[in-house]
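Please keep the sequence and the structure in view while reading.

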Amino acid sequence: MNHVETLRSDWQRTTTPDRLDSSTHSTGLLTVEDLSVAYTSRGVQRQAVDQVSFTLDRGETLAVVGESGSGKSTIAQSLIGLLPAGGNVTSGTAHLGDPADALDLLQLRDQSMRPIRGRRIGLIPQDPSNSLNPVRTVGWSVAESMRIHRRGDKRTRLRRTLELLERVGIDDPQRRARQYPHELSGGQRQRVLIAAAIALEPELIIADEPTSALDVTVQRVILDLIDELRTELNASVLFITHDLAVAAERADSLLVLHQGAVKERGPAQEILTTPQDDYTKRLLSNAPSLLSPPVRRPVPETDPEFVVVDGLTHRYKSGKSSFAAVKDVSFTLARGSTHALVGESGSGKTTLGRAIAGFHAPSAGSVTVGGVDVASARKRPEFRKQVQLVYQNPYGSLDPRQSVGEIVGEPLRNFGIKDRGERRRRALLELERVALPEETADRLPRELSGGQRQRVAIARALVLRPDLLVLDEAVSALDVTIQAQILSLLERLQQELELTYIFISHDLAVVRQIADTVSVLAAGEQVESGPTETVFNSPEHKYTRALLSAIPRPRKTPAGP
Amino acid sequence: MSSVATVLTRSRKSQTGMSLLRPSVLLAFGALLVSVSWALAPGLFTSYDPIANVGPSLQAPSAEHLFGTDSTGRDVLSRVIHGARETLTGALMAVAVGFLVGTAMGVLSGSSHRSVDEVLMRIVDVLLAIPSLLLSLSVIILLGYGTVNVAIAVGITSIAAFARLARSQVVQVSRSDFVEAAYGSGGSFGTVLWRHILPNSLTPVLALAALQFGSAILQISTLGFLGYGAPPPTPEWGLMIAESRDFVATAWWLTTLPGLVLVITVLATNRLSYAIQARRNA
């Protein structure tokens, strides 16, 4: 991590005590003052960004941190003049370049903005699977900005494209340049997009959530790459993220945004160690941390073998070939405890969770829940009173045409409770249990926020009083403050109802917070299993170690080693 | 119900109502309302008998006879108004046949075993392979002439479209998490189908029904024009246009005015159909 060391000294060199005073800074590349953006829809104006000011120095990384709806992407979009329809900059300036000949980006019309985009400002978009033209080769996409800005002739452009692909770590650039996006993995696609963004060596790179769609080990490599390129090109990076841990690891300074307004800004180190604003404090305390493991209450010892998974294998067949998504996984789980299934996408963790919940029969091996064999019981309705599944996406798991009261009451209806009043009474009871107000019962899912919807999904799962809940990435789609609320709700419910959880997640920090025991899955194999603290503190398998070391952590204090 | 909830439900209704209150939609709705009331109570709109001679033949439109008179001296407007019943009930029956049979086939094939799906979809392929006019003519020749038979024949030609759309909707909705969650909370196949899959798949099928209503009017009139529908002197729009085609050069109103009414009605149903779709997508 040599480049990080160099960068840090860089940063210290440029750091002055009056760092927060944006107006008097001389090395600033981008100076934004009083930026306000409003969206108008159906005649109603909504303030998305409210008087935001910041300075980005040459060679510096500034992270804009905020939850969904905080306006962080809107800031980036207004800088490159690509606000969606209905969005308008209502005030402010954004000067790019040396003070002598700085350009106000917000004053530029589309025509004069075009020479800036790609040449002086490069954008790394959020979702690598959607951001490349599917009918064009990868090489074509990388060369696009050179073509638009008429750089070189066809031959030099091709040479430069191959150079760029090699630089961002694409193996065999000759061959890859002729391939189409669907032939590349998510990480490779993000590398291609980075190559396209730096093709004309821009002085400012805007990275809008560049890794939030990627696995944690891939995320690390991509973030390293962005860091390296920044030093090489002496570019500045405006890094937009919801992930405080990523921001803390990669940024020199932070801008914490909440509902469009700046809550706090300054050197990353300072904000992380001594946050001044209440919202920042809340954000920091809600972010699940690997540094301070939470204290778990002891597991009740009523039934140490409540869930037994024994040699479970699941194959997907297509025609004559078959593919083992889960290979020979075994673990036991005590009643009232939480077992986490951890792995990256494609590791088989969801397939395993669904086999435990009885949604498909395993190809080999067995699962017993409370002494009942799942494979033989899974078709009986009674089994559903014992095991329930909570889905990742709270937007897709609730029927959009039913009211919340009907959704929560429906399982009761399936089990012969005909009386509407009785169902409603019990639905209200469950809603109260998950801390939703009574009037929620008459609302439709689309009138609720993501966190509220996930509470409704949990209430629906609980209304039958199951013993085991399979939580499939149940908090992954939520903002960190909401995530913390749902996690503490899950812990409270576990105590109240003596629930047992199978917690499926890719997020190790969350897992450490909630799980008693953990299984790490890689390509369908259970590479490691045991008590959470043991696995986290002394991982034995190299994959587990790779996963753990890929997790972003704040940079150590400059005084440290 | 608490006051907060009532306010919420009210605002929800006014919001979804928005797209249905556009001027063009209101206009279309008005046009349909007129033709439907003609069909329900023709006596309120005209005092002339549609099949009796009420004046000299081939009179141009005048204050007395707004649409003029035809070759045998019958009032054209009165015939158009009375013809609405013939045409609209026919179209309604045709859509009902297509909608009920087609949706049932589609839902069945989208939700049952693959072998059932294969058989039903191949039947649909066969229906789609035959041009719709040829198909409806063949059905009429099997069943015999007459308004009801024409409606059934036209309905049969639209079964394939309904079946395909319903199937694709059912397949799509069946894959969603909330359907699996419903099975997961102990729901049986029938209850999940009735409570979740059907309500969430039917909106586009209903929009197609509105669209088909317009094209059924056209098809019934086409068959009437060819002489397979109601026998003369029944006032049916297609038949009226057919009967007066010899006078196109001398008496323009005989073909133009009933034709205009026909076109306006069809356009109005199409506009309503799009409005239903747009509301669903909003």
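## Terms and basis

Helices (H or I, at least four residues) and strands (E, at least two) are DSSP runs, numbered from the N terminus. The model is a predicted one, in which local features need pLDDT of at least 70 and side-chain atom pairs count only at pLDDT 80 or more, while totals for chains, interfaces and linings use all residues. Residues are numbered from 1 along each chain as its sequence is written, chains are lettered from A and ligands numbered from 1 in the order in which they are written, and side-chain values use heavy atoms, with hydrogens and water left out.

## Helix α4 of chain B and its charged residues

R122(B) and D125(B) both belong to helix α4 of chain B, where they stand 3 residues apart, about one turn of the helix. The two form a salt bridge, with the closest N and O atoms 2.8 Å apart; the term denotes a side-chain nitrogen of Lys or Arg within 4 Å of a carboxyl oxygen of Asp or Glu. R122(B) is partly exposed because its relative accessible area is 42%, and D125(B) is partly exposed with 27%, where buried means under 20% relative accessible area, exposed over 50%, and partly exposed in between (1.4 Å probe, protein chains only).

D117(B) is buried, with a relative accessible area of 10%, whereas R167(B) is partly exposed at 24%.

V126(B), I130(B) and L134(B) make a nonpolar surface patch of about 250 Å². Patches are made of residues with over 30% relative accessible area and no salt bridge, like charges being joined within 9 Å and nonpolar side chains (Val, Leu, Ile, Met, Phe, Trp, Tyr) within 5 Å; the accessible areas come from the Shrake-Rupley method with a 1.4 Å probe, and for residues only the protein chains shown count as cover. I130(B) sits in the loop between α4 (114-129) and α5 (132-143) of chain B, and it counts as partly exposed because its relative accessibility is 31%.

Is the loop residue S244(B) buried or exposed? S244(B), in the loop between α9 (237-243) and α10 (253-281) of chain B, counts as buried because its relative accessibility is 5%. Leaving out residues up to four places away in sequence, S244(B) touches L254(B) and T255(B), contact meaning heavy atoms within 4.5 Å.

Over all chains, a search of the whole structure finds 37 salt bridges. One of the networks of such bridges links R220(A), D224(A), D227(A), R230(A), E249(A), R250(A) and D252(A). E430(A) forms a salt bridge with R433(A), the closest N and O atoms being 3.5 Å apart; both lie in helix α15 (residues 420-433) of chain A, 3 residues apart, about one turn of the helix. Within this pair, E430(A) is buried at 3% relative accessible area, whereas R433(A) is partly exposed at 21%.

L312(A), in strand β11 (residues 307-318) of chain A, is buried, with a relative accessible area of 0%. Although L312(A) and D328(A) are 16 residues apart in sequence, they are 4.8 Å apart in space, C-alpha to C-alpha. Apart from neighbours within four places in sequence, the residues in contact with L312(A) include D328(A), L352(A), P362(A) and V367(A).

## The interface between the chains

The size of an interface is often given as the accessible area lost when the parts come together. Chain A and chain B bury about 2,200 Å² between them, 49% of it on carbon and sulfur atoms, where buried area is the accessible area (1.4 Å probe) that two parts lose on being put together, summed over both. In chain A, R401(A), N414(A) and D442(A) lose the most area to chain B, together 22% of what that side buries. The contact takes 27 residues from chain A and 24 residues from chain B.

Across this interface the rule finds 2 salt bridges, and R195(B) forms a salt bridge with E410(A), with the closest N and O atoms 3.2 Å apart. On the side of chain A that touches chain B, β16 (387-390) and α14 (404-414) of chain A each supply at least two residues, and α14(A) gives the most, with 4 residues.
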